[in-house]
Amino acid sequence: MALTTAPTCQHEIEPNRRCGSPALRRMRYCYFHQRAHRRNARIVAEQARQRWFESVNTNDPKAVQRALAEVIRRLGSGSVRHSKAGAILQQLQDASARLRAAAVASPEC
Ligand SMILES: [Zn+2]
């Protein structure tokens, strides 16, 4: 009689030491670590979504306007925390004031 071995969880507890619990069917991890990995993936994705503002060019008035619209859209959809939105809006307000002052100091027409 041949013994079959069930796949085991591939979660690495420490270097060269894996969980060893039975893995979920067609999954790499056991129930506990599958949930933990999904939770971590969601957290990383959420952190990436929260960092979108870091790429906004605050020296470009149109980019500031687009960022303002994006903050409002994200607030409406609930995909940004109010505290984070407040911090971004403060930075956009500062950028807008700086751009306005620069435009007054050196009018183009
Ligand atoms: Zn595991």
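Colleague: What distance separates the centres of domain 1 and domain 2?

Modeller: This is a predicted model. The chain is divided into domain 1, residues 1-49, and domain 2, residues 56-109. Their centres, taken over C-alpha atoms, are separated by 42 Å.

Colleague: Is Ala63 buried or exposed?

Modeller: Buried means under 20% relative accessible area. Ala63 has 9%, so Ala63 is buried. The residue sits in helix H2, residues 61-77. Beyond neighbours within four places in sequence, Ala63 is in contact with Val56 and Asn57.

Colleague: Why does Gly86 count as partly exposed?

Modeller: Partly exposed covers the range between the buried limit of 20% and the exposed limit of 50%. Gly86 counts as partly exposed because its relative accessibility is 37%. Gly86 belongs to helix H3, residues 82-105.

Colleague: Which residues form the nonpolar patch on the surface?

Modeller: A residue needs over 30% relative accessible area to join a patch. The nonpolar patch here consists of Leu24, Met27 and Tyr31, which together have about 280 Å² of accessible area. Leu24 is partly exposed, at 33% relative accessible area.

Colleague: Where is Leu24 found?

Modeller: Leu24 is in the loop between strand E2 (17-18) and helix H1 (31-50).

Terms used:
Residues numbered from 1 in each chain as written. Predicted model: local features only at pLDDT ≥ 70, side-chain atom pairs only at ≥ 80, totals over all residues. Heavy atoms only, no water. Patch = residues over 30% accessible without salt bridge, like charges linked within 9 Å, V, L, I, M, F, W, Y side chains within 5 Å. Areas by Shrake-Rupley, 256 points an atom, 1.4 Å probe, with all protein chains shown as cover. Salt bridge = Lys/Arg side-chain N within 4 Å of Asp/Glu carboxyl O. Helix = DSSP H or I, 4+ residues; strand = E, 2+ residues; numbered from the N terminus. Buried < 20%, exposed > 50% of the residue type's maximum accessible area, 1.4 Å probe, protein only. Domains from an automatic or database assignment. Contact = heavy atoms within 4.5 Å.
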